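User: I would like to learn how to read aromatic contacts in a model. Please take me through them in order.

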Amino acid sequence: MSDSAEPIHVRLAELAGPQDPDQVVVDLGCGTGPTLRAVSRIAPQASLVGIDRSAESLRQLHEALAGHKGSTATIVADLRDPLPCSDASVDVVLSYNTIECLPNPQEMLAEVARVLRPGRRAVLAHVDFDSMVIAGADADLDRRVCHAFADDAQSWMDHADGRIGRKLGLLLARSPLELVGVEPLLAWSTEFTGHAKDRVDQIRKALLSAARHGRGAVAPEEVEAWYTSVCEADQLGGFFFSELAFIAVAEKARSGRSGHGAASHDGQPVAPVRAGSMPHLPTAA
């Protein structure tokens, strides 16, 4: 699930930062295109390409980008297969809440390295679903519900890893790309509305479905008890929700440089991160 109101889409667009009108931006697992829409607002001349295996989501994306001044394209494709892009043909690759669904993320990262032009960047982000905090139920039930959701491979997913967010930097460090850095983005709310309510409703729906299909770690009555407790917390004015996403930026090495080393977006080495600190990732020049 990806809500167009989520602030992470704006941040991904900032980090992508296409400036030249001929730059090509590809979103892998784009869904209905909230990230590409954010890119369109800051780079109205960029060439935008959405890749997803849902034809219906791509239809909605096509409609949403109808006013974009640059070129647009949508491609139905399975990200387990080689990307439908030529070698060194892309300036920015984006992907949000997609990589956990792939049984072998490194295969996709190798494909990202293949299609990127030298010196260009990939911006990958994912919610770390094992980090969610939702006020309401008692500690034992709340932990079991949230962990069950983080571990659940829903019917449309080929794989699930609820802790993938915290692993993005390591995945990229082990890939053919050069890791620039990782930053966190916290979404939170004290109101049971918008993204917070959508996520809670998604958890309820997913776990009830899991129970019906015999893969549930939480019984249906426990899911409903958890949901009732969250609603009661809201009625009492004590609702709280938060989830932590991680955004990782990497680049394809320029000529004469190999991967597996951290570098900034201008090719200069990245300063080491001290314990307890987090550098602010540079936006694209």
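**Charges and rings**

Analyst: R204 lies over the face of Y227, with 4.2 Å to the ring centre. A charge sits over a ring if NZ of Lys or CZ of Arg is within 6 Å of the ring centre and within 35 degrees of the ring normal. K197 lies over the face of F192 in this sense, at 5.5 Å from the ring centre. This is a predicted model: local features need pLDDT of at least 70, side-chain atom pairs count only at pLDDT 80 or more, and totals for chains, interfaces and linings use all residues. Residues are numbered from 1 along each chain as its sequence is written, and side-chain values use heavy atoms, with hydrogens and water left out.

User: How many aromatic pairs does a search of the whole structure find?

Analyst: A pair of aromatic rings is described by the distance of the centres and the angle of the planes. Rings of Phe, Tyr and Trp (its six-membered ring) pair if their centres lie within 6.5 Å; planes under 30 degrees apart count as stacked, over 60 as edge-to-face and the rest as tilted. The search finds four such pairs. One of them is F129 with F149, edge-to-face at 5.6 Å centre to centre and 90° between the planes.

User: Is F149 buried or exposed?

Analyst: Buried means under 20% relative accessible area, exposed over 50%, partly exposed in between (1.4 Å probe, protein chains only). F149 is buried, at 5% relative accessibility, and F129 is buried at 8%.

User: Which pair is tilted?

Analyst: F192 and F239 form a tilted pair, 5.1 Å centre to centre with 45° between the planes. Both F192 and F239 are buried. Together with Y227 they form one aromatic cluster.
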